[in-house]
Amino acid sequence: TKTSDSQEIEETKEDSFETGNWLLDALLRPGSSTSKGTLSFLNKVFYLLFASIIFLMWMTDFTNIHTYIFIFLALGLYFSVRFFVTELKKAQEEGTLSGDNDAETERKREQEQEEMKRKLEQDEERRRREQAKMVEETRKER
């Protein structure tokens, strides 16, 4: 699966390189949240956030209450993301969350969309008939 994942990323890069959002597409790809690269990137972003907040605290001589609140919120975000990732990994290991169902889920989703499309087309056709019937009745009355 490593080669298929890297091939998917390369295809994603090629497809969306012109628009400039290949990184975003790669990060939002299903299953990317537990990849080592994504987690490493996320950790580095959080470390930069903590460093910038500590720098702000230092610049204000550790007297600004807002920086303490900001670092408290950032730590809460960091630990909640870490908790979510570990729970996600646990669920994948237990088999409660598996990538095998993705194709089946996608197929069901497509079927539901097709059914919804058919219903909308039927409703539209019924409305057209009713409208034509009303127009015909109006003509008969004249």
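Glutamate 87 counts as partly exposed because its relative accessibility is 33%, where partly exposed is the band between buried (under 20% relative accessible area) and exposed (over 50%), using a 1.4 Å probe and protein chains only. Lysine 90, at 44% relative accessibility, is partly exposed as well. Glutamate 87 and lysine 90 form a salt bridge, with the closest N and O atoms 3.3 Å apart; the term covers a side-chain nitrogen of Lys or Arg within 4 Å of a carboxyl oxygen of Asp or Glu. Both residues sit in helix 4, three residues apart, or about one turn of the helix.

Before going further, a word on the model. It is a predicted one, so local features need pLDDT of at least 70 and side-chain atom pairs count only at pLDDT 80 or more, while totals for chains, interfaces and linings use all residues. Residues are numbered from 1 along each chain as its sequence is written, and side-chain values use heavy atoms, with hydrogens and water left out.

How confident is the predictor? The average pLDDT of the protein chain is 82, and 82% of the residues score at least 70; pLDDT is the predictor's confidence in each residue, from 0 to 100.

As for the layout, the protein chain has five helices and zero strands. Helices here are DSSP runs of H or I with at least four residues, strands are runs of E with at least two, and both are numbered from the N terminus. Of the 142 residues in the protein chain, 14% are buried. The accessible surface is about 12200 Å², with 58% of that belonging to carbon and sulfur atoms; these areas come from the Shrake-Rupley method with a 1.4 Å probe, and for residues only the protein chains shown count as cover.

Now the inside. The largest nonpolar core is made of seven residues: Phe46, Phe50, Ile53, Met57, Ile71, Ala74 and Tyr78. Such a core is a set of buried Ala, Val, Leu, Ile, Met, Phe, Trp, Tyr and Cys residues joined through side-chain atoms within 4.5 Å. Helix 3 (36–59) and helix 4 (65–94) each supply at least two residues of this core, and helix 3 gives the most, with four. Setting aside neighbours within four places in sequence, tyrosine 78 is in contact with Asn43, Phe46, Tyr47 and Phe50, contact being heavy atoms within 4.5 Å.

Threonine 38 is also part of helix 3, and it counts as buried because its relative accessibility is 16%. With neighbours within four places again left out, threonine 38 touches Leu27, Ser32 and Ser33.

Back to the charged pairs: the salt bridges number eight.

| Pair | N to O distance | Placement |
|---|---|---|
| Glutamate 115 and lysine 119 | 3.5 Å | helix 5 (residues 101–141), four residues apart |
| Glutamate 125 and arginine 129 | 3.7 Å | helix 5, four residues apart |

Glutamate 115 is partly exposed, at 40% relative accessible area, and lysine 119 is partly exposed at 43%. Glutamate 125 is partly exposed too, at 33%, whereas arginine 129 counts as exposed, with 55% relative accessibility. Salt bridges that share partners link Glu124, Glu125, Arg127, Arg128 and Arg129 into one network.
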